[in-house]
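Colleague: Please walk me through the ligand sites of this model.

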Amino acid sequence: RMLHQKCTQGLYPSSNIKRFAVPEEKIPWTVEYPEYKPVAYTAAVLQGKPWADPGINEPTFKPRWNAIDDKVNRRSFTGNYVVNANGHPLNPVGRTGIVGRGLLGRWGPNHAADPIVTRWKRDNAKAVEVDEHTGKPVLQFVAIQRRDSGEWAIPGGMVDPDETVSTTLMREFMEEALNFLEKDDGERKTLQDSIAEFFAKGDEIYRGYVDDPRNTDNAWMETVAINFHDEDSSVVGKLALKAGDDARNVRWMDVNRQINLYANHSEFIKKTVLQRNAYW
Ligand code: RP5
Ligand code: MG
Ligand code: MG
């Protein structure tokens, strides 16, 4: 069963708003919880932003829940979500201690895409490094350090209205791990050309709800995570990584069970490891 853990207590990200602490057994909506008094919070930065929905009571706001609403995907990978009597969509996993949208632009699902770019770890002689006990090769993935929380993460981002997931995957990777936005037109073209083919073929690792610290009772993250693997380090394995946009740092990170990443990104990495039969 799906659960969440990073959005049930403590301070809401980039705020001094304290969540109403939800004990694990009280997360599901099906469990009665008459004492539940979630705190209302919608960040002021959302106001008037083109990427954000209006307030839910704005007369002009006529969302089509559980549907592709014009260009906005309001469908959830988890199935049809409930819209409560006040017209608020309900988090499909359960309570979070916050009502409103917090920092998330959309009521209901907020769709992201996560590119998991991997290569084998190699020594100076270019030989693949193998764990001595299991004999399994060590995987590395391109990790970014997020500016908002300082945590390391997969370089993912939001799917813009009208954008396909594959476009988002490549765009976010270029923005956050290759500093695309600071490059001139010529450099952008070179970068795009060098990785377009590599991004054309990936393996789906996950699609669904994300245990993101920004989730609320009425707004939550969902993602499609795709693994792009550079078997012989001939493409991205050779590229010069440079952090950009909402990334503070970028690096090839060794993958093992000790990694501790933003949201539930470690789970996505573990799935990738299993699929590639790498060391964990
Ligand atoms: C996570 O937030 C997703 O898995 C994705 O990595 C990320 C998208 O949000 P931003 O990076 O645009 O803040 O839930
Ligand atoms: Mg981004
Ligand atoms: Mg991002």
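This is a predicted model: local features need pLDDT of at least 70, side-chain atom pairs count only at pLDDT 80 or more; totals for chains, interfaces and linings use all residues.

Colleague: Which side chain has a polar atom 2.5 Å from an oxygen atom of ligand 1?

Modeller: Look at the polar contacts (pairs of N or O atoms within 3.5 Å). In the side chain of Asp212, an N or O atom is 2.6 Å from a ligand 1 oxygen. At 2.5 Å from an oxygen of ligand 1 is a polar side-chain atom of Asp114.

Colleague: How much of ligand 1 does the protein bury?

Modeller: Areas come from the Shrake-Rupley method with a 1.4 Å probe. Taken alone, ligand 1 exposes 360 Å². The protein buries 94% of that.

Colleague: Which residue coordinates both magnesium ions, ligand 3 and ligand 2?

Modeller: Donors are N, O and S atoms within 2.8 Å of the metal (3.2 Å for Na, K and Ca); water is not among the atoms, so sites may look incomplete. Ligand 3 is coordinated at 2.2 Å by Gly156 (O) and Glu176 (OE). The two ions are 3.3 Å apart, and the residue coordinating both is Glu176.

Colleague: Why does the pair Gly156 and Glu176 tie together parts apart in sequence?

Modeller: Helices (H or I, at least four residues) and strands (E, at least two) are DSSP runs. Gly156 is in the loop between strands S7 (152–153) and S8, while Glu176 is in helix H1 (residues 165–177), so the parts they join are apart in sequence by 20 residues.

Key: Residues are numbered from 1 along each chain as its sequence is written. Chains are lettered from A and ligands numbered from 1 in the order in which they are written. Side-chain values use heavy atoms; hydrogens and water are left out. A polar contact is a pair of N or O atoms within 3.5 Å; within protein, one must be able to donate a hydrogen and the other to accept it, and residues adjacent in sequence count only if both atoms are side-chain atoms.
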